[in-house]
Amino acid sequence: MEENGNLTGIGNGSAIPPGVTDGQVATIPVTQDTMVTLRQNRKGCYFTRVQVAIFTVAFALSIIFVVLLLTFVRKEQIVHVSSPGALQHCNPEIDYTTSGVSVESDGVQNETNSVSAENLTRVENASDNTTIPEKVNITEVLVPEKTVRPWDKIRLPNDILPERYDLFLRIDLENRTFKGSVNITVKTSAPKKILLLHINALWIVKDSVKVRSLDNSVVYNVQRQFHAWKTQFWVIILEEELSLTGYYVIEIGTFKGTMYKDLRGLYLSEYEGTTGIRYLAATQLQSTDARKVFPCFDEPAMKATFKLTIQHEEGYTALSNMPVETEQYMSTEPGWIRVNYHVTPIMSTYLLAIVVSDFEYKEAMINGDYQLRIWAQPNKINQTLYALDLGVQLYDYFTDYFQIKDVVPKADHVAVPDFSGGAMENWGLVIYRETALLFDPDVSSSENQLMVTLIVAHEIAHTWFGNMVTMRWWDDLWLNEGFASLLMYFAMDDVFPEWEVFTLHVVVKEVFPVMVRDALTTSHPVSTPILTPDDIAQSFDAISYSKGMAVLRMLLGFVGWEDFRTGLQVYVTRYKFQNAVMQQLWHTFSEAVGNKFVIEEIMDTWTRQMGYPVVTLRSEGDHYILDQDRFLLDGNSSMGDPSPYDYKWHIPFTYITEAEPNISNRKLVWLSMNSAKIPKGENHWILGNVDYIGFYRVNYELSMWRALAEQLNEDHTVFPEANRAGLIGDAFNLARAKLLDYDVALNMTTYLNQEARYVPWEAMLESIRFIKGMLSKQGAYILLRQYLHDLVAPVFDKVGTSPGGILPEKYLREVILTTACDVGVTKAIDYAKEKFRQWKEDNVQPPSHFSLTIYSVGVREGSVEEWDYVWNRSQASNVAAEREMLMEALAQTQKPWLLWRYANWIFDETKIKRQDVRLVVSYFAKNPLGRMIALHLLMNKWEQLNEQFGADGFLLRETIAEVTQFVNTEFELDQLETLFSSKMPAIAFRETRNSLELIRGNIKWMKANYQTISDWLRLHVVGML
């Protein structure tokens, strides 16, 4: 308080002078009186300062009580900002005080030039230094309880549908902003007064919004418009209704947005060019981020055509879904180019795509009229040649398979430096991360070659399954992804038959891993209800992709190749340019097989309930009884959520016998929601689930398991390679579920020192990986390591380190060398160390399919000098696949302080790109010390992980899964339960439940199985106690 100053207001020692009525405020001089005189119109009274203080506190408490009471009973709270300049800190490049700009809050009529506070939060995943204040001059407005309004729902009404978008975008890379306009032609089927469009992180100039008739003869006055931020709708309320049926145009004359490095919507990316940092813009709109680019009807069933115009700076090329129609330099804006594109076919909003860059391309023409281009940074253009040759063969294959040509006359495939997933199938403009499209045969590994082939095939398959025919809503996402995952294997088997990917690779890389996830009570059905936007993000998981593919592969197994192809051809032809649901697909397949099977009845048991069965063979007289039960990893778990089918399935059980081991003589019996029986005959053994075509496990009586193990040791080639893998995988998972003793499962591995095929080895190593993770901090770990050493050493001597051969042979040598180095086979370690030395000192490139193992051994056996050298080489590499291998090797160091430094770099985008964070975390999970460091990072940096990565649907989920998969102590479980409950990420809610469920199972597993495994290993390891 200033000396001799004046006081204005009530409280803090000030007084209301005589003659001032209640509620008025006067300015009075400061006095030293110890009494305060309050004088009203009719009479006066005197109060002490203590009494005044008590009265003031009581009045304030009353006000607080009333506010709290209203807060708890109101429907919702709307926050209103009356400062027109509040947003100037958001982005200085955008003039938010432009006349007519207004974003209204849900349910509150704003004055001109006012902005609602819900738009003042920091944009999700913004990766620059832009800060948006959370509150500016706020005043609370309370809205009373009311009924559900149209904009409170997450789904759009279906009585107004978009027909065409005329979209203009001006993309300013220098200022990282874009602005545009859109005219949306819509068709109504009911009277409409309230119009809803999706928007997110966009600013709309209200005065530019207009609703008119198609011929422009009638303009409908807008009564109100505002942003319903919770459901991401822009709400337009008209003064009068649109007629019952008709065509209209919704015009948004001006909207604005900012490009961030958040890998969502229209985002900013960059790379190091010959002249310094070069920027580019790219899109990722699936699933709900088209609304971040332009106001739209952002649901997959709301298909329309798009007429796009892009304005951009000179020196760049702008790509979109369709070929360029016209291109002109702007005389009114020197340095700018305007590009008009042909109209797209009818398609969903999430398939619209844009890339603005200075990339170069390699080109091929397919059948003389289909243009294929592969785009990349200028200094990586030669890495596109493999994808170009592959793409030509894949487009030919799918065109022939479906007997339907792509209706878009060109396909651009672009490798961008930053991308959240592997790739996105945008129609006519497919966008990839670099490791998913680029391949250098001199540097990239055989694993990278396979992944590029798989991903390119997957994205091209989407042209027919996903783009031409689209699921109606996200609960049937698996129709898109499951079929694309299956079809990519069809195509690869045609292009590279010697790889045997459909028969072999799919079992160990797709089916086995997803069976582990689906054996938890926290799993979910393939087709699962989508109730919130967070549900949409969580549906992009292994269940949709890999289980969806696996149950379709099983369908193929019992309907046959030709009928399966016929069903798909009819389906795509019938629903071309439309949206379809699962039942329509099943009906089409039933037609294709002449109604021999009721496909819907069979397949609903696999898609509408989670989990899968274990079929148990038990002897009864002259028959084997086949019983089915739900398989759960934790055998003591309850069933979890109830199932409409009571966890019973229609199971196509296939088998071969000792008397008839040829798989061409396989037999089929159906378990139709119950048991079945098959004759015993004179067979010593029966093998179920031939070629592992079914999505179920098989358990046998102990005598049968012994007979199968004996056959493996006598002549393992009698069994198909996929079944040798299946016996190992089933046995270990049955043991994990307490349905089989671990000594029986371990007995299935003793033959492997004679096994010279990749898939059984991969199945064993994947099965043993869980045991290694469980034992990594126990005394029995050294016994397990020695057992693996004794298995792999003779195989390493046999297969050697030759760089040649077909892909499965390369895969086998790679997995054997890696395992041999991990378990201490001296010859293997010496080989890897020497190759690392030659690379480091003489710059001799190691064999590409051994590179990862060689780099890893060099880092693991080396010091900080080797670590820093590998880090520097990773940053200098021009080949994205090589960079990933080097970054994975860095996580194999056994020096904790180097791992801590590396782990903390995930928060520094100058060190580790956002798109690479989940990969780096997965690298840590591959060795015991790395897992320990990663777990501590998760616990100590949980808040920062949520703040920085909480909106990335893939990253946070995969981080949680990788870091917690081998946690097996009560102490760590308690810590994680507290951690997850303190800040539960909505986008990863399902994964946190899965992880905690797995950990509880791990704890029980240790108590039940540790001693049995230790005892077995002591019996089978020579020379150790």
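Guide: A charge is taken to sit over a ring if NZ of Lys or CZ of Arg is within 6 Å of the ring centre and within 35 degrees of the ring normal. In this predicted model, Arg 630 lies over the face of Tyr 647, at 4.2 Å from the ring centre, and Arg 697 lies over the face of Phe 631, with 5.3 Å to the ring centre.

Strand β37, which covers residues 697–699, also includes Asn 699. With a relative accessible area of 7%, Asn 699 counts as buried, because the limit for that class is under 20%. The side chain of Asn 699 makes a polar contact of 3.0 Å with the side chain of Trp 705, and, leaving aside neighbours within four places in sequence, the residues in contact with Asn 699 include Val 614, Thr 616, Leu 734 and Leu 740.

Turning to the strands, an open sheet is formed by 3 strands in the order β34-β33-β36, with antiparallel pairing; its edge strands, β34 (667–672) and β36 (686–688), each pair on one side only, and neighbouring strands are turned by 30° against each other on average, direction ignored. Strand β33, residues 650–657, pairs with β36 over 3 bridges in the antiparallel sense, and Thr 657 stands opposite Ile 686 of β36.

Conventions. Residues are numbered from 1 along each chain as its sequence is written. This is a predicted model: local features need pLDDT of at least 70, side-chain atom pairs count only at pLDDT 80 or more; totals for chains, interfaces and linings use all residues. Side-chain values use heavy atoms; hydrogens and water are left out. Helices (H or I, at least four residues) and strands (E, at least two) are DSSP runs, numbered from the N terminus. Buried means under 20% relative accessible area, exposed over 50%, partly exposed in between (1.4 Å probe, protein chains only). A polar contact is a pair of N or O atoms within 3.5 Å; within protein, one must be able to donate a hydrogen and the other to accept it, and residues adjacent in sequence count only if both atoms are side-chain atoms. Contact means heavy atoms within 4.5 Å. Two strands pair if DSSP finds at least two bridges between them. Axes are lines fitted to C-alpha atoms, for helices over the stretch in contact, and angles run from 0 to 180 degrees between N-to-C directions.
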